[in-house]
Amino acid sequence: MEAVGAIVALLFVLFLVLGVYATVKVARAAKRGVDRTILEARRTVEDTTLRAKSFAQVGTAGELAQLRLSLRTSMRSTQDVLHAGVAEDASLKESLELFDRLSVHGHELDDELRRLERDPDKAALAERLPDLRERTAQITKAADSLRWSARDRARKFASDDLDSLSTQIDMEAGALRHWTTEPAPAQAPPAWPEPEPAPGKDAEQTWSDPSGSDRAARAQEPTQPAIDPPAPRPAYPWEKKTKPESTT
């Protein structure tokens with residue numbers, strides 16, 4: 001009985017711990033969502049304010065607002081592209097690390113531009129504007145280079161995948177239409193000509209001579225006997241002369 005009670009108590013504690021852990025996780029996720037929403041709203045309001053200042057104000061204040069707006073727009077666009085691409089292409093991790101280092105300089109410049117917007121010394125501010133323009137252009141150029149490189153890489157991979165897919169589809173379509181690409185049957189060789197029957201002989205068959213010149217040439221050749229006649233036997237001095245046979 002005590003063992004059952006201990007098991008029940010252990011299960012209760014376990015469920016209680018799991019409930020607390022789940023509650024904490026949900027609360028933290030909700031807090032992150034709220035913080036993200038507030039941050040996005042704050043950024044939207046600030047960007048809208050900067051856009052309005054760049055159009056409404058003239059002189060140094062308007063130029064500072066324009067520098068901040070271009071800097072923030074370039075950095076945010078590059079951050080979104082790299083964070084979205086690193087989930088599919090692990091090789092972008094190095095580019096994301098470089099962007100994080102670049103973001104440090106971008107935040108420093110943005111904070112400096114924000115402080116200078118409230119600076120009453122317009123003459124000193126005008127002297128610093130060339131350096132601020134150069135720093136802003138350098139940071140935005142580096143961010144744009146990272147962003148367009150990541151986009152070109154993603155576009156190249158998509159183009160290669162599309163070409164490979166098109167090739168496979170063409171091969172599959174050809175395999176499905178195999179009946180339209182069957183080779184034509186080979187033609188049978190021509191038959192030999194039938195022998196022509198000789199005149200007056202229906203039972204016998206002779207092959208026609210394609211040329212009559214061979215027959216005429218064989219007719220003009222001199223005939224030779226099949227066996228040569230015997231040569232005369234030579235007479236030797238020690239042999240007796242043969243007597244002529246008597247006619248009587």
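**Helix packing and salt bridges in a predicted model**

Helices α3 and α4 are roughly antiparallel to each other (a label for angles over 145 degrees; under 35 counts as roughly parallel, 65 to 115 as roughly perpendicular, and the rest as oblique). This is a predicted model: local features need pLDDT of at least 70, side-chain atom pairs need pLDDT 80 or more, and totals for chains, interfaces and linings use all residues. Residues are numbered from 1 along each chain as its sequence is written, and side-chain values use heavy atoms, with hydrogens and water left out.

Let me start with the overall layout. The protein chain has 5 helices and 0 strands. From the N terminus, the order is α-α-α-α-α. Helices here are DSSP runs of H or I with at least four residues, strands are runs of E with at least two, and numbering starts at the N terminus. The chain has 248 residues, and buried residues make up 17% of them. Buried means under 20% relative accessible area, exposed means over 50%, and partly exposed is in between, with a 1.4 Å probe and protein chains only.

Now the packing. Take α3 and α4 again. Their angle is about 160°, and their axes are 10 Å apart. For the method: axes are lines fitted to C-alpha atoms, for helices over the stretch in contact, and angles run from 0 to 180 degrees between N-to-C directions. The crossing of α3 and α4 is left-handed. That term means the near helix is turned anticlockwise from the far one by less than a right angle; clockwise would be right-handed.

Next pair, α2 and α3. They pack at about 160°, with axes 10 Å apart. So α2 is roughly antiparallel to α3. α2 passes α3 in a left-handed crossing.

And α2 with α4? What is the angle between those two? It is about 20°, with the axes 9 Å apart. That makes α2 roughly parallel to α4. The crossing of α2 and α4 is left-handed.

On to the side chains. How many salt bridges does a search of the whole structure find? The count is 12. The criterion is a side-chain nitrogen of Lys or Arg within 4 Å of a carboxyl oxygen of Asp or Glu.

I'll begin with R72 and D110. Their side chains meet in a salt bridge, 3.5 Å from N to O. This pair links distant parts of the chain: R72 belongs to helix α2 (residues 60-86), D110 to helix α3 (residues 93-117), and they are 38 residues apart. Are these two buried or exposed? R72 is buried, and D110 is buried as well.

Stay with D110. Why does D110 count as buried? Because its relative accessibility is 7%.

D110 has another salt-bridge partner, R114, at 3.2 Å from N to O. D110 and R114 are 4 residues apart in helix α3, so about one helical turn separates them. R114 is partly exposed, because its relative accessible area is 25%.

Those residues belong to something wider. R68, R72, D110, D111, R114 and E117 are linked in a network of salt bridges.

Now for E112 and R128. E112 forms a salt bridge with R128, and their closest N and O atoms are 2.2 Å apart. E112 lies in helix α3 and R128 in helix α4 (residues 122-176), so the pair ties together parts that are 16 residues apart in sequence. E112 has 12% relative accessibility, so E112 counts as buried. R128 is partly exposed, with a relative accessible area of 37%.

A quick stop at G62. G62 sits in helix α2. Its relative accessible area is 6%, so G62 is buried. The C-alpha atoms of G62 and A52 are separated by 9.1 Å, and the two residues are 10 residues apart along the chain.

Last topic, the rings. The search of the whole structure finds 0 aromatic pairs. A pair needs ring centres within 6.5 Å, using Phe, Tyr and the six-membered ring of Trp; planes under 30 degrees apart are stacked, over 60 edge-to-face, the rest tilted. There is a charge over a ring, though. The charged end of R151 sits over the ring of W148, 5.0 Å from its centre. The rule asks for NZ of Lys or CZ of Arg within 6 Å of the ring centre and within 35 degrees of the ring normal.
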